[in-house]
Amino acid sequence: MSQLTIALTKGRILKETLPLLAEVGIVPSEDIASSRKLMFATNRDDIRLLVLRGTDVPTYVQFGAADLGIAGKDTLLENGDDGYYEPIDLGISRCRLMTAGMVDAPPVTGRIRVATKYINVARRYYAEKGVQADIIKLYGAMELAPLIELCDEIVDIVDTGNTLKANGLEPRELIDVVSSRLIVNKGALKIKHKLIQPLLDGFSSLVAARVQRESEAASA
Ligand code: PRP
């Protein structure tokens with residue numbers, strides 16, 4: 001029997017992903033949150049789930065170790081889109097990819113120093129603006145970097161803005177809006193089309209229904 005492997009992003013995205021999976025009829029056989037396992041069987045014999053760091057999801061899908069994946073657009077922008085399609089914006093885990101700096105910082109003259117885990121996104125962004133930037137790779141706690149003068153700006157995701165505020169920073173320019181996307185390995189879509197297409201249809205219907213609800217709520 002042909003099997004599908006779906007790579008999920010752990011953390012915040014996972015919390016919003018599990019209800020969506022349940023709505024398309026996929027339920028893990030055990031509680032993912034309270035387990036140290038990384039691979040889970042589901043109520044469907046032909047579907048298993050992997051729980052990964054977000055940055056690894058596109059890699060697993062790109063190389064076909066997973067047929068489908070769910071990852072933030074920020075991660076996909078950083079990773080590039082080799083080997084997979086990105087057919088559905090699931091509309092969950094919405095936030096913004098932004099530049100930020102210290103409140104009331106004087107303008108930078110000359111090259112700007114930027115700390116981020118999104119080095120590819122940052123390189124593209126500052127190059128497109130014609131700004132000469134030195135990009136410094138960090139793996140977390142970006143908000144600390146301008147505070148201790150490691151850099152002038154950071155590029156990071158902003159949700160409520162509380163983390164920026166708590167560290168004396170302010171959002172500056174919007175690079176992109178972010179939400180979680182369903183991605184599909186290109187080869188798998190051809191070879192396992194009969195298994196994958198109904199899932200894509202299921203997710204698409206969910207998203208369409210939510211967009212409908214949101215537009216009704218907005219006009220009420
Ligand atoms: C993200 C991001 C910010 C924070 C923004 O970190 O890097 O630190 O969320 O959220 P806010 O605007 O609501 O304060 P996350 O908690 O996902 O952890 P990470 O550092 O591992 O990415």
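Reader: Leaving aside its neighbours within four places in sequence, which residues is Leu68 in contact with?

Author: This is a predicted model, in which local features need pLDDT of at least 70, side-chain atom pairs count only at pLDDT 80 or more, and totals for chains, interfaces and linings use all residues. Residues are numbered from 1 along each chain as its sequence is written, and side-chain values use heavy atoms, with hydrogens and water left out. Taking contact as heavy atoms within 4.5 Å, and leaving aside neighbours within four places in sequence, the partners of Leu68 are Leu4, Thr5, Ile6, Ala7, Val61, Leu182, Ile183, Val184, Ile196, Leu199 and Leu200.

Reader: How many residues does the largest nonpolar core have, and which of them have the most contacts inside it?

Author: A nonpolar core is a set of buried Ala, Val, Leu, Ile, Met, Phe, Trp, Tyr and Cys residues joined through side-chain atoms within 4.5 Å; buried means under 20% relative accessible area, exposed over 50%, and partly exposed in between, with a 1.4 Å probe and protein chains only. On these terms the largest core has 29 residues, and those with the most contacts inside it are Leu49, Leu68, Leu90 and Phe203.

Reader: Which element gives the most to this core?

Author: Helices (H or I, at least four residues) and strands (E, at least two) are DSSP runs, numbered from the N terminus. With seven residues, the element that gives the most is α8.

Reader: What area is buried between domain 1 and domain 2?

Author: An automatic or database domain assignment divides the chain into domain 1 (4-93 + 179-219) and domain 2 (95-177), and their centres, taken over C-alpha atoms, are separated by 29 Å. Seven residues of domain 1 are in contact with twelve residues of domain 2. Buried area is the accessible area (1.4 Å probe) that two parts lose on being put together, summed over both; carbon and sulfur atoms give 42% of it here, and the area is about 750 Å².

Reader: Which residues of domain 1 lose the most area to domain 2?

Author: The largest share of the side of domain 1 that touches domain 2, four residues, comes from helix α3 (residues 73-79). Three residues of domain 1 together account for 71% of what that side buries, namely Asp74, Leu77 and Glu78.

Reader: How many salt bridges are counted between domain 1 and domain 2?

Author: A salt bridge is a side-chain nitrogen of Lys or Arg within 4 Å of a carboxyl oxygen of Asp or Glu. The structure holds eleven of them, whereas the count between domain 1 and domain 2 is one.

Reader: Where in the chain do the partners Lys73 and Glu86 lie?

Author: The side chains of Lys73 and Glu86 meet in a salt bridge (3.0 Å, N to O). Lys73 is buried, with a relative accessible area of 16%, while Glu86 is partly exposed at 30%. The pair links distant parts of the chain, 13 residues apart, with Lys73 in helix α3 and Glu86 in strand β5 (residues 84-89).

Reader: How far apart are the closest N and O atoms of Glu153 and Arg172?

Author: Glu153 lies in strand β9 (residues 153-158) and Arg172 in strand β10 (residues 169-178), 19 residues apart. Glu153 is buried at 10% relative accessible area, whereas Arg172 is partly exposed at 31%. The two form a salt bridge, with the closest N and O atoms at 2.9 Å.

Reader: Which residues do salt bridges that share partners join into one network?

Author: The bridge between Lys73 and Glu86 was described above. Through shared partners, one network joins Lys73, Glu86, Asp89 and Arg181.
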